[in-house]
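Please read this briefing alongside the sequence and the structure shown below. The points are grouped by topic.

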Amino acid sequence: MRPRDLSDYAVYQAGRGIEEVARELGMDPEEFVVLSSNENPLGPSPKAITAVREHAAGVHRYPKSSHVDLVEAIAEKWDLAPEQVWLAPGGDGALDYLHRALLDPEDDVLVPDPGFAYYAMSARYHHGDVATYPLSKADDFAQTAENVLDHYDGERVVYCISPHSPVGSEMPTDEVRKLAEGTDDDTLVVVDEAYGEFSRSPSKVELLRERDDVAVLRTFSKAYGLAGLRLGYVLAPESWADAYARVNTPFAVNELACRGGLAALNDDEHVERSVEAARTSRQYIYDYLDAPTWESAGNFVLAEVGDAAAVTDAAQREGVIVRDCTSFGLPECIRITTGTEEQTERAVEVVNEVVADR
């Protein structure tokens, strides 16, 4: 007995965790600064922590009312109908729901290169095929409708990321509108706004009020600091939003995630502090890292350091974990998550020393 042929499937490579690296190097996890996975250095929303504690004793029951309450709260936040909110276990879970609803076997999706690996992985899990469009380092990874449409060939779903990880660039709303206007009627343009809170640009959600071929992906993992709860959602076009009920996994979002998400939505102070900390850290990295960087609208900065794998390895031996971007097709770059003031200063100091010694 064996699973079906999975040889075409890639394994997702997340940023390395503190315990994993500490065990490998025989070091104490407390010695490390972890800036590899774009997590919130300020931790979870305090209101979410309180809500999770208050509702922990109720996890013997299925999450019914909390799921409904969170959907309605998100719909109110964005001024959309509740049916347009596709709640999911993280942004990756939301991608699975989209592909379940949209892809027939051998339908194609078009994804950016570099970009989030799970777009392609999820499409293949749902028997879809994958094409890519390049983002050029020589053009500072600029995102334009013209570039995407030059590589578009009738794919069912087209992805763009704004702000883009790992490069930090954005796709303006007018460019997303041009992209949607330039694709077929049966093509959905999905804008991944996982890092949207850190940007000064408006959300592309406004396009959902004028079109039925744009969707927006959001998450609680970054600015809200709830990565460990796995909570995200898609804002879908109103005309086919009822498809969610047909593809949703029963009780996929757990009770504590729903309760934490509800509380976090009302914790503006935490989000504001998180955003301000990210902007301060970004500027410090621009100013003091001895390597070329790209302007970022997210909670991270991409830097060109030469041999990224070697620099990442040397830095983690000094207690700083950053992301080697080789898996993104950028073997000369690392991505540094914005940290607290102390964490950022230490990371910059260590990376500078490592780069200088090479």
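How many cavities of 30 Å³ or more does a search of the whole structure find? The search finds one, where a cavity is a set of points on a 1 Å grid over the protein atoms alone at which a 1.4 Å probe fits but cannot get out. The model is a predicted one, in which local features need pLDDT of at least 70 and side-chain atom pairs count only at pLDDT 80 or more, while totals for chains, interfaces and linings use all residues. Residues are numbered from 1 along each chain as its sequence is written, and side-chain values use heavy atoms, with hydrogens and water left out.

**Cavity and pocket**

- The largest cavity has a volume of about 60 Å³, a volume being the space filled by probe spheres set on grid points that are joined across faces, edges and corners.
- Lining residues are those with an atom within 4 Å of a point, and for the largest cavity they include E39, F198, K222, N299 and T338.
- That lining divides into five nonpolar, four polar and two charged residues, with Ala, Val, Leu, Ile, Met, Phe, Trp, Tyr, Cys and Pro counted as nonpolar, Asp, Glu, Lys and Arg as charged, and the others, Gly among them, as polar.
- The largest pocket has a volume of about 1000 Å³; a pocket is an open set of points with protein on both sides within 12 Å along at least five of seven lines.
- The largest pocket is lined by 44 residues, of which Y12, F116, A117, R323 and F328 lie nearest its centre.
- The elements that give two or more residues to this lining are α4, β3, α5 (118-125), β4 and β7, and α5 gives the most, with four residues.
- By class, the lining of the largest pocket divides into 19 nonpolar, 15 polar and 10 charged residues.

**The seven-stranded sheet**

- Helices (H or I, at least four residues) and strands (E, at least two) are DSSP runs numbered from the N terminus, and two strands pair if DSSP finds at least two bridges between them.
- Seven strands form an open sheet with mixed pairing, in the order β2-β8-β7-β6-β5-β3-β4, and its edge strands, each pairing on one side only, are β2 (85-88) and β4 (129-134).
- From one strand to the next the twist averages 25 degrees, with axes taken as lines fitted to C-alpha atoms, for helices over the stretch in contact, and angles running from 0 to 180 degrees between N-to-C directions.
- Strands β6 (residues 188-192) and β7 (residues 214-219) run parallel and are joined by four bridges, with V190 standing opposite A215 in β7.
- Helix α4 (residues 90-102) lies across β2, β3 (108-113), β5 (157-161), β6, β7 and β8 (232-235), and runs at about 125 degrees to β2.

**The four-stranded sheet**

- Another open sheet, also with mixed pairing, has the order β1-β10-β11-β9; β1 (33-35) and β9 (300-304) are its edge strands, each pairing on one side only.
- Neighbouring strands of this sheet are turned by 30 degrees against each other on average, direction ignored.
- Helix α11 (residues 308-317) packs on the sheet, touching β10 (320-324) and β11, and its direction makes about 165 degrees with that of β10.
- β1 and β10 pair in the parallel sense over three bridges, and L35 stands opposite V322 in β10.
- β10 and β11 run antiparallel and are joined by two bridges; R323 has R335 in β11 as its bridge partner.

**Two buried residues**

- V301 lies in strand β9 and is buried, with a relative accessible area of 0%.
- β9 pairs with strand β11 (residues 333-337) in the antiparallel sense over five bridges, and the bridge partner of V301 in β11 is I336.
- V301 and I336 are 35 residues apart in sequence and 5.3 Å apart in space, C-alpha to C-alpha.
- Leaving aside neighbours within four places in sequence, V301 is in contact (heavy atoms within 4.5 Å) with residues including R282, Y286, W294 and I334.
- T173 lies in helix α7 (residues 173-182) and counts as buried at 12% relative accessibility.

Technical notes: Buried means under 20% relative accessible area, exposed over 50%, partly exposed in between (1.4 Å probe, protein chains only).
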